[in-house]
Amino acid sequence: MIFKRSIPKINDKPYSKNLLTRDLIAGFTLFVMLVPQGMAYAMLAGLPPVMGLYASTLPVLIYALFASSRHLSVGPTAITSLLVFSVIAVFATPGTSEYITLVILLALMVGVFQFLFGLFRLGYIVRFISPAVLGGYTSAAAIVIALSQLKHLLGIEGGNYFQIHLLLSEVGGGLGQIHWPTFLVGAGSIVLLLLLKRVSRRIPAALLLILVSIVAVYAMGLHERGVSIIGEVPSGFPSLVLPALSTEAVRQILLPALTIALLGFMESLAIGKAIADKEKYKLDPNRELKALGLANMLGSFFQAFPINGSFSRSAVNHQSGGVTQMVSVFTSLFMILTLFFFTSFFYYLPNAALAAIIMVAVYKLVNFAQFWHLLKIKAVDGWIWVVTFAVTLFIGIQWGILLGAGLSYLLLLNKLSQPNINEVGYVHEDKTFRNVARFPRAQTRDGLIMLRIDSSINFANIPYFEDKVRQLLAARPGTETIITDFKSVNDMDAPSFAVLEDIIVQLKQEKGIQFYFVGMKGPIRDTASNAGWDQKFPEEIRYFSLEQLLKDKNIRFHAPPKDNIEQAPFMYMI
């Protein structure tokens with residue numbers, strides 16, 4: 001079966017009136033958040049605000065029916081909206097019918113990708129996007145989002161730019177044309193949002209702002225003084241439309257659709273898993289992909305743009321006492337009621353107020369602390385964050401995630417191609433073998449090289465092992481024996497055995513050097529047997545430990561004089 005559904009249960013308990021009440025309260029709380037956010041994020045995506053309400057109805061309901069998460073709240077989000085804008089604005093003018101048609105097609109393609117990934121159980125692929133890449137991208141995108149709203153906040157004309165230097169140049173050039181009534185509405189909206197959040201996070205600040213700004217615009221006639229307002233908002237359920245398919249349109253947005261599908265799912269999975277772990281239940285990544293895919297696919301037939309999980313709304317859902325996806329069902333029903341009966345109330349809603357909602361919502365996504373944390377622990381992760389951040393800011397929002405992910409993949413491949421290979425020596429005090437580079441007291445012997453491999457071996461990294469051996473032999477020309485400890489090697493492919501076989505034969509024939517491989521685990525020993533090593537090299541692989549081989553060959557390490565023993569710091573004792 002593609003999906004499994006049953007009557008909601010919490011810890012094997014039936015759905016009760018108490019749970020229904022909790023979900024109803026949480027559903028109304030999310031509805032209060034989703035109305036202003038949905039409209040604001042639709043505007044961010046270059047769409048009519050009502051499409052934010054459309055994206056908060058049927059897609060939310062469909063996801064709720066098939067999801068494995070009990071708490072994830074889906075709908076329009078800031079990052080996805082900006083991605084939609086950056087992708088489609090290249091091909092059409094925002095707000096036009098052509099633009100809306102392409103956005104609807106984009107939602108369909110995003111849904112198809114997500115559903116197919118879930119159907120073929122490919123949910124694991126998002127693990128290959130580094131958290132450093134996602135963190136740098138999200139922080140930069142949040143800054144781009146905030147700056148892109150300045151034109152609405154200041155009441156100036158502006159283009160569709162996604163690079164920080166172009167946005168700042170545009171705002172700087174338009175400072176002389178600030179529309180002061182619009183600026184006062186926008187600045188006042190930001191101040192009101194921040195003050196209300198400071199008073200109590202339980203206050204529906206965004207909804208109150210919408211109500212106050214509508215009343216203010218109407219009462220003072222600000223729309224007649226040039227303050228831009230939403231205007232007529234269509235009422236009723238969105239009509240059924242068929243996404244316009246064309247080869248050229250599909251080709252243009254194929255890669256962006258794939259990017260949005262993966263990023264949207266990764267963000268949703270991260271949020272959902274965090275809450276699921278806290279509530280002690282399992283999340284099924286592939287089922288989540290199918291649920292999101294269906295929500296986006298079917299939503300596209302009712303004029304919705306791409307949706308995914310929202311961090312803020314999911315957190316509010318959890319904190320408000322929501323326990324099942326009935327929360328999303330109630331939220332969707334409340335949104336439908338709004339579409340039928342209350343859209344006329346949004347006529348005097350100023351665009352500057354929506355811009356303020358977006359700016360206040362996204363500033364928390366900027367996380368420089370993550371960069372310093374990564375840099376402190378491992379510099380390369382910090383620099384991946386920086387590169388992704390800089391590319392997203394100065395080149396483009398799509399290029400940021402693509403180049404950042406590409407860089408992290410290259411570094412990963414480089415790491416995989418250079419396995420951790422250490423020369424070891426014997427430490428009398430511990431009666432064990434240690435890395436000579438980290439532990440100065442580790443003893444070696446003339447004519448003997450002992451190595452330890454601390455990773456799996458494959459065709460991509462076996463040349464590195466061969467180079468390492470030849471470098472050591474060049475530095476130690478009198479070597480007679482090489483012992484390689486395989487106890488930390490968990491896997492080894494057939495081409496690697498072929499390379500090792502050549503090394504063994506060549507060094508023995510040319511230099512009389514004897515090779516030994518000790519501590520091979522069962523699966524590797526089985527592969528060695530399949531490669532015929534039981535007959536070709538029975539002596540070379542028969543030992544299960546360094547100690548066993550050294551004892552059998554009567555190779556000893558004499559204890560050094562006590563006065564010469566270095567007192568190494570603890571950091572070397574690994």
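**Note on the predicted model**

1. The structure holds 24 aromatic pairs; rings of Phe, Tyr and Trp (its six-membered ring) pair if their centres lie within 6.5 Å, and planes under 30 degrees apart count as stacked, over 60 as edge-to-face and the rest as tilted. One of them is the tilted pair of Phe-28 and Phe-31, at 5.7 Å centre to centre and 40 degrees between the planes. Both residues lie in helix 1 (residues 17–44), three residues apart, about one turn of the helix. Phe-31 is buried at 13% relative accessible area, whereas Phe-28 is partly exposed at 43%; buried means under 20%, exposed over 50% and partly exposed in between (1.4 Å probe, protein chains only).

2. This is a predicted model, in which local features need pLDDT of at least 70 and side-chain atom pairs count only at pLDDT 80 or more, while totals for chains, interfaces and linings use all residues. Residues are numbered from 1 along each chain as its sequence is written, and side-chain values use heavy atoms, with hydrogens and water left out.

3. Strand 9 (residues 514–518) is largely enclosed by the rest of the structure, because five of its five residues are buried. Gln-514, Tyr-516 and Val-518 on one side are buried, as are Phe-515 and Phe-517 on the other. Helices (H or I, at least four residues) and strands (E, at least two) are DSSP runs, numbered from the N terminus.

4. Strand 8 (residues 481–485) runs parallel to strand 9 and is joined to it by five bridges; two strands pair if DSSP finds at least two bridges between them. Thr-481 has Gln-514 as its bridge partner. From strand 8 the chain passes through helix 20 (residues 494–511) to strand 9 in a right-handed β-α-β crossover, that is, clockwise from the first strand over the helix to the second with the strands pointing away from the viewer.

5. Phe-515 and Phe-517 also belong to one aromatic cluster with Phe-486, Phe-497, Trp-533 and Phe-537.

6. Eleven salt bridges are present, each a side-chain nitrogen of Lys or Arg within 4 Å of a carboxyl oxygen of Asp or Glu. Among them, Lys-487 meets Asp-485 at 4.0 Å, N to O, and Asp-485 is buried, with a relative accessible area of 5%.

7. A network of salt bridges links Glu-539, Arg-542, Asp-552 and Lys-553. Asp-552 and Arg-542 form a salt bridge with the closest N and O atoms 3.1 Å apart. Glu-539 and Lys-553 meet at 2.9 Å, N to O; this pair ties together parts that are 14 residues apart in sequence.
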